[in-house]
Every structure is written in C-alpha cells, then in structure tokens.
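Here is a friendly briefing to read alongside the model. Please keep the 3D view open as you go through the points.

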Amino acid sequence: MVDGYNFINAWSKLKEIAKDDLEVARKKLIDILADFSGYKGYRITVVFDSHLVRGAQRRKEVINDIEVVFTKEGETADNYIEKYVYENAKYESIAVVTSDYLEQLMILGNGAVRMPPRELIYEIENYKKELEKKTNEKIRRKDRLEDTLDSSILEKLEKFKKRLDQA
C-alpha cells in the first residue's frame with residue numbers, strides 16, 4: 001500500500017510535476033507503480049487523501065492493475081491504510097510505503113511492514129536499470145544473425161557451408 005501524496009512529495013521527480021499539475025503527478029505515479037508491479041508481480045494499492053474535499057465519497061478504481069483509492073471526506077489516507085492493515089494483516093503480507101513516522105508505528109503495531117518512500121524509489125530505479133540492461137543485451141545478441149536463428153536452421157546452414165567448402 002502506498003500513501004499517494006506522501007510518496008509524490010518524497011520523490012523530487014514527482015514533486016516537481018505536482019507543483020504544476022497534481023493530476024498529472026498522480027497519473028505518473030500510477031503508471032510507474034503499474035510498470036513496477038508488472039515486473040515484480042506485486043499487488044499495489046495507492047491511497048490518495050480526499051478528506052478535505054467537501055462531500056467526497058470513498059472511490060475505488062483499478063487503473064493498469066493498480067487499485068486506486070480516494071478517501072471520503074474526513075478520512076485521511078493514513079486512516080484508510082491503518083484500518084486496512086488492522087483488518088487484513090493477519091491474512092496477507094502488507095508493506096506500507098509512507099514517510100509518516102506515526103503511521104509507520106501504527107502499521108508496525110498491526111502486523112504490516114513499513115517501507116520508507118526512498119526505499120521504493122531505489123527499487124523502482126534499480127528495476128528500470130535492470131530492465132534496460134536486459135533489453136540492451138537482447139539487442140546486442142540480435143546484432144548477429146546466428147543469435148536470432150533456431151538451432152536446427154543453424155545446423156542445416158553449417159552442413160550446407162561444409163558442402164560448399166568441399167566443392
């Protein structure tokens with residue numbers, strides 16, 4: 001579970017975007033988490049505060065396999081996450097991404113694992129480097145024709161080459 005606005009404010013890249021347009025920063029965060037989730041196989045929920053929005057109702061939606069929760073009026077992301085952890089930590093393994101110290105203590109006391117935002121940022125940046133490295137290796141391997149052909153075809157070509165050499 002990710003405390004959405006807390007995470008946006010902890011990552012300078014997203015914080016800069018949020019200064020101009022909070023909606024764009026939210027969408028960027030969801031895209032980043034969707035890529036990361038797909039690569040790592042994590043189920044991720046991101047929670048955004050709507051506690052100061054008059055008449056706001058809790059809203060849940062799934063965007064690119066990420067569960068996105070907007071809290072209701074009077075309910076903070078911390079409240080929502082604490083309640084979820086309290087009700088579910090005995091049935092599933094939960095990690096909560098937040099830099100809020102009091103929140104970290106609460107979720108630890110209820111059986112979840114805390115993850116500071118910088119740790120998740122580090123993991124995301126590392127997975128991107130790892131993915132780029134794997135992609136570059138595949139591209140390099142495909143630079144040679146023999147690396148792209150099936151072994152049976154290579155065998156036939158070798159036999160053909162030997163016949164040409166003998167002629």
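**The largest pocket**

The largest pocket holds about 400 Å³ of space. This is a predicted model, where local features need pLDDT of at least 70 and side-chain atom pairs count only at pLDDT 80 or more, while totals for chains, interfaces and linings use all residues. Residues are numbered from 1 along each chain as its sequence is written, and side-chain values use heavy atoms, with hydrogens and water left out.

- A pocket here is an open set of points on a 1 Å grid over the protein atoms alone, where a 1.4 Å probe fits, with protein on both sides within 12 Å along at least five of seven lines; lining residues have an atom within 4 Å of a point.
- Its volume is the space filled by probe spheres set on the points.
- The lining consists of 17 residues, and Met1, Tyr42, Arg43, Ile44 and Ala95 lie nearest the centre of the pocket.
- Strand S5 (95–97) and helix H6 (117–141) are the elements that give two or more residues to this lining.
- By type, the lining residues are 11 nonpolar, 3 polar and 3 charged.

- Helices (H or I, at least four residues) and strands (E, at least two) are DSSP runs.
- In strand S4 (residues 66–70), 4 of the 5 residues are buried, meaning under 20% relative accessible area.
- Strands pair if DSSP finds at least two bridges between them; S2 (residues 45–48) pairs with S4 in the parallel sense over 4 bridges.
- Strand S3 (residues 59–63) runs antiparallel to S4, joined by 5 bridges.
- Phe70 in S4 stands opposite Phe48 and is also the bridge partner of Arg59.
- The hairpin of S3 and S4 has 2 residues between the strands, and Asn64 there takes a positive phi near 50°.

How values were computed
Ala, Val, Leu, Ile, Met, Phe, Trp, Tyr, Cys and Pro count as nonpolar, Asp, Glu, Lys and Arg as charged, and the others, Gly among them, as polar. Buried means under 20% relative accessible area, exposed over 50%, partly exposed in between (1.4 Å probe, protein chains only).
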